Structures are given as structure tokens and as C-alpha cells.
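Me: I'd like to learn how to read a few features of a protein model. Could you take me through them one by one?

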Amino acid sequence: MLRRALHNAGLLLTGKAAAGLMQLATFAIAARSLGLTDFGNLSVMLAGIQLLIVLATFQSNQAIVRYGVLHLNSADRAAFQRMIKLGVLLDLVAAAAAVAAALLLAPIIAEQAGWTARQTDAWRLLALLPATIALATPKGLLRLFGRFDLLARHVTVTPLARLAGAMLLAMTGAGLMGWAVMWLIAGAAGLLVGFWLAVREARRRHLLGGMTFGFTGLRDGNAGMVRFALLSNLHSSLIFLPGHIATFSVGLVLGPQSAGLMKVAQELGSGLAKPIDLINQAVYPDIARLAAENAWRRVRKLVRKAGTTAAALSLLVTLVLLVAGRPVIRLIFGEAFEGAHALLVLISLATSLSVSVFAVDATLYAIGKPSRPLATAVVANLLFVGVMFAAFGPLGLLAPGAAWMTAGAATLVLSLVWMAVAVPRSREKPPA
């Protein structure tokens, strides 16, 4: 089962690796084209918008997999269609809330960051970005159908559009406003392609026949889906918050140049967490099926093997970055960004701690215990924010690195605790 999950993750990784390289190239072009200060301002803007996105967005893809398995097993097409509509509705409401919040906060953030009127207009344009990423339901459907090959292709759409746009902007010498427009167009391309792929696959399985556009009675057959989506959203938001909070906070506290260094360290240091997340997506459906069969011994074995493999790979990456990180930064981003090296190593080491227990969250979701990983994320994030702001004074730019190390250690310990107390060792049902 782990081999199958790794195969599916490999498909995703093929696309994600290409997407990651394109994203890295895009940021490298932006850094060299805009310079350290303007690149830092762009990083702060993107971090702020992404912060609002992860806070508002419902991670309905987790719910789509969990409830979709039940509906497909029972051949309840009507409930399946209601599930899709409920997921899309959650995605759209969340996107609208994030857009509204970004527009309302524009003057406050601009004053705090000392932005010009032109820079503030760029933020307002980027405030529309949440409308282009309401993709949780389509992605959930493709995961449910096992079309990881299509997910691998789709994940390259937006990065490819950004890279093409970045090369054009670099040649024309465009400023922040041009980069904001490009980011928005690229996001829209990914949204449209994602919906098209999901609809096409659902139609091939004859799951959309007779589907209406009514939005009444959506919870029939999907009891608890909204709560499940809320809890999974909170958990997912807390996982992604530290990166966005760090870049945004560094920009406001230490200035845009430090934010640019922060962005470089984050892009390189947490790089392995992205393919690990893909493995998590691939392994989740199998864990859900094993949990439904009460095959707890196989669940534990799968979690253990996945974690040790991820930790070993991450530590290897950290060692490489420790030795060769500085010339890598200089080669990709330029000499002005070499100051990110020490922070880069700390972020990579913290990533090694957290990815070693990445499959525990999927297991807890599969047995209907989303509050457990949520609790882990809450504790880790509180520690992250507390340590970071306490360490800004004595450590400066290294403060986020110390915070990530603390949060990674807390994630490791708490995940092991939940695995011990929430997942049975026999074929009995999990404890409450």
C-alpha cells in the first residue's frame, strides 16, 4: 500500500518538482529584476494575501475524499452531487471572505509598511487573488478518483504561467503593479483548468447525470461535512500560517530587505515539505480505507515507514544545504541574498522534525479525529509566534528559524502522543 501511495505521490512529485523549479525560477527572476527592496515588498504582499487565504479557505478536499468514498461505496449519486455542491459553496464563500478582508485591510497595512500609493494599489489588485484559488473541491475529486496523473499536470499550470509572465516582465522592466497583474492572471488559468479536469472526470464516471443547480438540502447524506471541513481548514491553516506570518512579520518589523532574505530561505529550506505533502495526499485515501476495515496494525506500519523515509530524506537535504547552501543562493538569487544562509539551514532542520510524523495527521482524519491534529497545530503555532517575536530582538533575522525549530519539536512530540493514545494496536475501534 505504501508503494502504491509512493507511486501516486511520484506522479504528483513529477509535476510538483517541475512546478517547484518553475516557482524558484520565477522568484529568482523577480529578485534580480526588482532588486532586494522591491522583491521584499512583493514578498510581503504575497505573504499577506496568502495569510488571509489560508485563514479563510475551507479545505473541502479532505471532506470530499472522506465523504466521497462513502457515497461511491453505497452508489448514492444524489448524495455525491450534493457533496460536490456543498464543497464548491464552501470554497466560494471562503474566497469571497478573503477578498473582502484584503480590501478592508489595505489602508491599515499600507500605513504600517510605509507603502506608496502605487504599492498600495498593487496590494488591492492582489486582493483578488483568493478568487482564483477556490480549487479544493476539484482537487478533492481528482484525488478521490485516483487521477494523480492529472493532478501532476494541473499543478504545473499556474507556475508555468507565472514563469512565462516573469520572463516577459523582466524584459520590459515592469514594476510591482505588473507583477501583481501577472500573478492574478496565472492564478485564474490554474482555476479554470482545475475545474475543467474535475468535471470531465466526474462525467466519465456518470456521476453528474441529473445534477441541478439547487442549493437546498445539501447536508442530506453529508451530515457533519461542514464541521469536518471547518476543523480540517483550521488545521491546514495552522500548518501553512507560520511561513506566511514569518515573511509578513519580518517585513513589518525588520523591513522589506529582511523580508526578501526570509522569502529566499523559506523557498529553499522548506522545499522538501512540499513533496512530503504530496505523499500525504496520496496516502490518505489508503489510510481511510484501512481505518474503515479496522486494520490498525497495517495503519501503524504504514505511518512508521512513511515517517522514517521522509525524515531521512529531509536530513540529507539539510546536510547538503549546510555545506552548499551559500553558493546555491548566490547562483540562483544573486550575492545580495547570501545573508539568508543561516536561516535556510534552521528552516530545513525544523522541516526534518515535522515531516517525520507527517502521516499521523492523515491517520487521525481517517478515524474521524480531526480535533487531534488541530490541537497539535494550535500548540505549534502558538509556540512559533511566541518564540519568533520574543527572539526578534536578540536574534534578528534568525528569530523565525528558532521559532520553526521549536514548533517542529512540538509537532513531533504531540503527534507521537496522539498516535499512541488515539490509534488502537488491534482490530478494535479507536478510543473516543
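Me: Which residue just after H14 takes a positive phi?

Reply: That's Gly 368, with a phi of about 75°. Before we go on, this is a predicted model, so local features need pLDDT of at least 70, side-chain atom pairs count only at pLDDT 80 or more, and totals for chains, interfaces and linings use all residues. Residues are numbered from 1 along each chain as its sequence is written, and side-chain values use heavy atoms, with hydrogens and water left out.

Me: Is H14 mostly covered or mostly open, and how many of its residues are buried?

Reply: Helices here are DSSP runs of H or I, at least four residues, numbered from the N terminus (strands are E runs of at least two). Buried means under 20% relative accessible area, exposed means over 50%, and partly exposed is in between, using a 1.4 Å probe and protein chains only. Helix H14, residues 358–366, is mostly covered, with 9 of its 9 residues buried. Among them are Phe 358, Asp 361, Thr 363 and Tyr 365.

Me: Now salt bridges. How many are there?

Reply: Side chains of opposite charge can pair when their charged atoms come close. The rule used here asks for a side-chain nitrogen of Lys or Arg within 4 Å of a carboxyl oxygen of Asp or Glu. The count by that rule is 8 salt bridges.

Me: Where do Arg 124 and Asp 121 sit relative to each other?

Reply: An α-helix has 3.6 residues a turn, so residues three or four places apart point the same way. Arg 124 and Asp 121 are 3 residues apart in helix H4 (residues 117–126), which separates them by about one helical turn. Their side chains meet in a salt bridge at 3.5 Å, N to O. Arg 124 is partly exposed because its relative accessible area is 37%, and Asp 121 counts as partly exposed at 36%.

Me: What does Arg 147 pair with?

Reply: Its partner is Glu 201, at 3.0 Å from N to O. Arg 147 lies in the loop between helix H5 (136–144) and helix H6 (148–154), while Glu 201 is in helix H8 (residues 176–204), so the pair ties together parts that are 54 residues apart in sequence. Both Arg 147 and Glu 201 are buried, with Glu 201 at a relative accessible area of 1%.

Glu 201 also forms a salt bridge with Arg 200, whose closest N and O atoms are 3.5 Å apart. Arg 200 counts as partly exposed at 25% relative accessibility. Arg 147, Asp 149, Arg 200, Glu 201, Arg 204 and Arg 205 are linked in a network of salt bridges.
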